[in-house]
Structures are given as structure tokens and as C-alpha cells.
Amino acid sequence: ERRMLSSDHALAHAAKAPPPGDDTLQRLVAMGLLGKIFPPSHVLQGLQVCKWLNKELPEQIESVTLKVRDSGVVSGKQVGTCLCRFSTTKVLLFGSAEARISKHLLEGLCHAVQNDFGSGLVHLNLAHSGYGGEVARTLVKILGKCTNLTHLNVNGNGLMAEAFSPPEEQITAGIRLCSRLVHLDVGHNSIFDGNPTGLRSVLEDCPDITYLDLSSTEIGAEGMRALSEASNTALLHLSLSDCQMCDDVAELLAGTLSTKWGAIQHLDIGGYKEIHDGSATRLAESLRHCSSLTHLDLEDVPCQSSGKELGASLGALRQLTEVSLARAQISDVSACQLATGLLLGGCTSITYIDLDSNEIGSAGARALAAALCQCHGLRVLYLGSNCIQEEGLVDITVPIMMGQWSELEELDLSANRLHDRGVRELIDASRQCPALRVLDISANHSMSDQERVLLNNLGYKPLLVFAVS
């Protein structure tokens, strides 16, 4: 029973099985399994489980997580009837790319709300349902009554800017009534820059929002201005990746980071490909004000002329653990500047750094290795698709050989300019990294079949990936 009930595979086929009887429930409660298998929620799927919901469940279940596939098995009315039982129980309602919220469930939500369901709903995930206007109309009907809602996710629904316009019949007015909202994900929709006042009003009326995802939306200068002018200063997680970013947006963001968002912990602004040198430099300088920052994503942001400022800012961040600078046009010179800032700032907290697909050569690799050797908790180092040669590889090998990176799990040096001798020394030194799982040295200068067989049979832990000769 433990294996069956804890298995996602079994749950996925719950609709085909008869609902558990009262004797089964009683035995599970007596064995103390419900609390162990489903803490803190009970996962439910399918029509038969909906019937089970209508029975009296044990008092130990404090919350319900409902996952429903668009299989046509579960009708909206049946789901709505089930949800009405949980007017006081904490309810978490999920959809996903794999288990899409169905049109039936949207109907069921409306039915349940009309029958006084809503106060128990705390987490509503309508992500990836792809119904656009229907999702918008459902939200308009239910948000005003979901007064305890804390999490709302409508990511990837094809919502348009007009769905967030100021009139009361639109989504924005409903969201503004959810005064307890802390998590708002509206990414991958075509919204907000056409109506920045809607975004501003949401942030002002929901002052407790700490998680805001606006990635892959059409937010540009107007939307960024609305963000910067909103009174909300509680943001801890902000994603603006792959938006309509330009110099004006970068300048506004830099100013807001310096004055209002100093407490932010997770910042994703990857994809700012159109930023020029001056704006990139001011954006890099503003990061030093984010003293609580732990995760930073600057993928595709041109950093070739702001290495000094970026290094100084990152070096001053004592809680920074993950940094992504892939495809950031980092040259040998800017890599050295970045490393100098990290070294002088005494940054020791980094555990993950992605420098893939830049223009870093041996000098930059040498400087980065010297700076990162003080990060004894380093787990992931990506330096693939750069210009590192043998002399740079030697400096990367030293902290591995000296045991300074004993927690290293992944090292990517693929598609560089490495030769056999340096690679063999690196592999030999990697014995000092007991946690190492992946060592990627593929797409470098080819190795003979005999050498490849020898290295693959060293009998130690890492997964070695070699180029085909």
C-alpha cells in the first residue's frame, strides 16, 4: 500500500481503479501512512477520486492538492461539487504542461464559486492551459471571491494586454482584491506594456507580493516605468527575462534596484541583447545595492565593457550563490576584470557559475580559477565553448588537485582548445573531487581510440564525455 499510494504512476491511473473504500481509509489512518505519504496535502486525480472526495475524509488531511487532466472524464460540475466540500480546507489547485487544466475544470471552478467555494482556495495554477480568453473570463468571475488566495499562476495562456486593463470587469480588478497575494506569475503572455497602469495598480493594491514573473511578455519601457513607480518594495524574486529590453529599460531597472529593490534575492534579466555599453555598466553598478541577492541571471546581456563594474558588484554580494553569464560576450580582458572584483571583494559563497559560450581565453581562465578557488562550496562550473588553451587548463587543474573544489559536481570544458596532455592531468587531478559526476571535455582536440579506452576505464566516479575522433 505504501508503494502504491506514493507512486505517481499509480495516481495517474486512479481514474481506472475503483475508489478506496472506508475500510482502506481506516487502515491507512491506523497505520499512520496518510501523514507520511501525503504531507501536507492529498494528491487526487480522476473521476473515481472525485467520487471519493465526496465521502468523509480523515481529519488529518488539512489541505487538498487537485490535479486534473483534460481527458474528458471529469466534468466541470462534478469537480465543482467536490470543491464545494472544501470551503474551509486549504485547497491547492494545479495544472501544468503535462496535466493541463481543462475547460471542464474552468467551468467547475465557476460552479464552485457560485456555491460559496473560494475562501479555501489559496493556490491557483492555471499555467499552460492555453485557453486565453476563457482563462481571462474565469479569473474575472472567481478572483473577487478568493479572498485568501496567496499564489496565482497564469503563465503561458496567450493572455493579451486588454485582459489586464483597468475596467472592473477585467482581471486586474480581480487580482487587486486578493490582498494576501504573495506569488504572481503572468509570464509568457502578451501583456502589460500596452497597459502599464494595470501593472502599477496590482503592485500598489497587493503590497505583499514577493514573487513576480514577467518573463517573455511584451513589457518594455512603459511597463518598466510602471514597475519602478509602483510603491511595492517587498519583491524578493523578479523575472524579466526575454522581454522588450533596451537602454531605457536597463536605465530604469538600474535606478529601481539602487533605490527600492535592495532586498531582492532572485533576479533574472537574461536576454537583454540590445543594451549598449553605458546602460550595461550602470546596470552592473546597481547590483551592488542588492545585498541579499542569491541568484543572478545575466544570460545574453552584453558585459564585454562592464567587467570591472560587474566584478566589483558581485564581489560585494556576500550571499550570492548562483550566477549565469552565458553568452554575455565576456572577453579575456573582461573575464580578468570580473575575477579581480570577485577576488578583491572576498566573494566565497558562489556554488554555481555559468560562463558558457563567451570569448574567455587562457588569461581569463587563469584569473577566474584564482578568484573561484576561495569558493570552497563550488558545485558547478561551466566554461564550455570558450577559447581556453593548455596553459589556462593548468590553472583550472590546480584547485582541483589541491582539493579546494572538493564539492565540485559538474565541470564543463567542452569546445575549447585543449590537448591530450592537459586533459590527462585534469582527469588525474579530478580524483580529488569525490562528488564529481560530470566532466565534459568533448569537442576539443581529438583523442586516439587507445587513449579514450584507457581514460574511460580509470575506474572512478565521473561521467567522461569525449569528442569522437
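Buried means under 20% relative accessible area, exposed means over 50%, and partly exposed lies in between, with a 1.4 Å probe and protein chains only. I also take helices (H or I, at least four residues) and strands (E, at least two) as DSSP runs numbered from the N terminus.

**Entry 1: basis.** I am working on a predicted model, where local features need pLDDT of at least 70, side-chain atom pairs count only at pLDDT 80 or more, and totals for chains, interfaces and linings use all residues. Residues are numbered from 1 along each chain as its sequence is written, and side-chain values use heavy atoms, with hydrogens and water left out.

**Entry 2: strand E4.** I looked up the burial of strand E4, residues 121-125, and found five of its five residues buried. Next I checked its pairing (two strands pair if DSSP finds at least two bridges between them). E4 is joined to strand E5, residues 151-153, by three bridges, and the two run parallel. For Asn-125 I noted Asn-153 as the bridge partner in E5.

**Entry 3: Val-135.** I placed Val-135 in helix H8, which spans residues 133-142. Val-135 counts as buried because its relative accessibility is 0%.

**Entry 4: positive phi.** Most residues other than glycine have a negative phi. I therefore noted two exceptions, Ser-385 and Ala-443, by name. Phi of Ser-385 is near 55°, and phi of Ala-443 is near 60°. Ser-385 sits in the loop between strand E13 (380-382) and helix H17 (390-401). Ser-385 has 32% relative accessibility, so I list Ser-385 as partly exposed. Ala-443 is in the loop between strand E15 (438-440) and helix H19 (449-456). Ala-443 also counts as partly exposed, because its relative accessibility is 47%.

**Entry 5: confidence.** I read off pLDDT, the predictor's confidence in each residue, from 0 to 100. The protein has an average pLDDT of 77, and 68% of the residues score at least 70. Among the elements, I found the lowest mean pLDDT, 36, in helix H1 (residues 2-5), and the highest, 98, in strand E12 (residues 352-354). Residues 31-51 have pLDDT below 50, and the model gives this stretch 52 contacts beyond near neighbours in sequence. A contact here means heavy atoms within 4.5 Å. Over residues 70-74 the pLDDT also stays under 50, and I noted 13 contacts beyond four places in sequence.
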